[in-house]
Amino acid sequence: QVADLSGRRRALETRTVTLPTQTQVFTVSNQKGGVGKTTSTVNLAAALVAHGARVLVIDLDPQGNASTALGVPHSAEVPSVYDVLIDEFPLADIIQASPESPNLLCAPSTIHLAGAEIELVSQVAREHRLRRALDEYLASTHEHVDVVLIDCPPSLGLLTINAFAAAQQVLIPIQCEYYALEGLSQLLGSVQMIQKHLNPTLRVSTILLTMYDGRTKLAQQVADEVRSHFPNEVLKSVIPRSVRVSEAPSFGQTVIAYDGNSAGAIAYKEAAIEILDRARPQDTTTTGGGTL
């Protein structure tokens, strides 16, 4: 196992990466909680930055866990995504750089977002507020952003709908445990509804298997089942159960910064390369096996 890890580490060091010419916008979503959604968002972001990308994480979860993991202040008085959605602040006014890297950006969440679901109901163009703010930011910023990752709450409310309306692609983390596919059909139904009414270009492009324990038959069975249903969307890289991945957020860090040579960090770096490979200019119209 140690030799395998060393070989994968060396392969990553020699690998050349091509960054996308157009900004790739992903919504990271799964209505089932506890699947590693926020963990995967921040660690994929850091892994993409490690490969030379400039990445923006938009924290749409009122709990603010992505902001915490990136070391970004998000107390009640900090300007946040709430101000963008409700008071139409420019996105550029709230974005902070993570202490890990100037190329790792975060639009933080605060506790005020918990009430945004109710406040958005009466707003004009309530489903498209994030999309408009993001489009304006990407058009006006002087430094090209390669990837945007939007971390959603584990529910289908107006915050998640805003994320779906703003994104081109959906990235779904699925844990390699019993009931892994539970709720997935509901999520895919939600995506189809968004495609039909709000964002016809949205597609499920990427599925990431998380919490993989190679010692159990169950994990392999779940992985095989997910791959059989979604052969083109599932990444080859799987994220193992890892103490380092679990520990990193308590230090306000991603696992890439906390222990970049750990199994979890290497797995996220491998997954990041796959995502970048799929976003190559010649593949932008066909990546990910099409719309589900």
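1. Let's start with a helix resting on the sheet. Helix α12 (residues 263-278) lies across β1, β6, β7 and β8, and runs at about 165° to β8. Some terms to keep beside you: helices (H or I, at least four residues) and strands (E, at least two) are DSSP runs, numbered from the N terminus. Contact means heavy atoms within 4.5 Å. Axes are lines fitted to C-alpha atoms, for helices over the stretch in contact, and angles run from 0 to 180 degrees between N-to-C directions.

2. A word on what you are looking at. This is a predicted model, in which local features need pLDDT of at least 70 and side-chain atom pairs count only at pLDDT 80 or more, while totals for chains, interfaces and linings use all residues. Residues are numbered from 1 along each chain as its sequence is written, and side-chain values use heavy atoms, with hydrogens and water left out.

3. Now the sheet itself. In what order do the eight strands of the open sheet stand? The order is β3-β4-β2-β5-β1-β6-β7-β8, and the pairing is mixed. At the edges stand β3 (96-97) and β8 (234-240), each with a single partner strand, so one side of each is left without a neighbour in the sheet. Two strands pair if DSSP finds at least two bridges between them.

4. Next, the neighbours of β2. Strand β4 (residues 104-107) runs parallel to β2 and is joined to it by four bridges; there, V55 has L104 as its bridge partner. Strand β5 (residues 147-151) also pairs with β2 in the parallel sense, over five bridges, and I150 in β5 stands opposite I58.

5. Is β6 mostly covered or mostly open? β6 is mostly covered, with seven of its seven residues buried. On one side these are Q169, L171, P173 and Q175, and on the other V170, I172 and I174.

6. Three bridges join it to β1, and the two strands run parallel; V28 has L171 in β6 as its bridge partner. With β7 there are seven bridges, again parallel, and Q175 is partnered by T210 in β7. Strand β7 (residues 203-212) then pairs with β8 in the parallel sense over three bridges, with I207 opposite V234 in β8.

7. Back to the helices, with α7 next. Helix α7 (residues 158-166) lies across β1 (24-28), β5 and β6 (169-175), running at about 155° to β1. How many of the nine residues of α7 are buried? Nine of nine are, and the helix is mostly covered. Among the buried residues are L158, I161 and F164.

8. The buried residues of α6 are R129, L130, A133, L134 and Y137. They cover an arc of only 120° around the axis, which puts them on the same side of α6. The arc is that of the directions from the helix axis to the C-beta atoms. An α-helix has 3.6 residues a turn, so residues three or four places apart point the same way.

9. Look out for one aromatic pair, which the structure holds. The rings of F251 and Y258 have their centres 5.0 Å apart and their planes at 25°, so the pair is stacked. Rings of Phe, Tyr and Trp (its six-membered ring) pair if their centres lie within 6.5 Å; planes under 30 degrees apart count as stacked, over 60 as edge-to-face and the rest as tilted. F251 is exposed at 52% relative accessible area, whereas Y258 is partly exposed at 25%.

10. Finally, two backbone details to check. E88 is not a glycine, yet has a positive phi of about 60°. E88 sits in the loop between α4 (81-87) and β3 and is partly exposed, with a relative accessible area of 49%. M211, also not a glycine, has a positive phi of about 55° and lies in strand β7.

Technical notes
Buried < 20%, exposed > 50% of the residue type's maximum accessible area, 1.4 Å probe, protein only.
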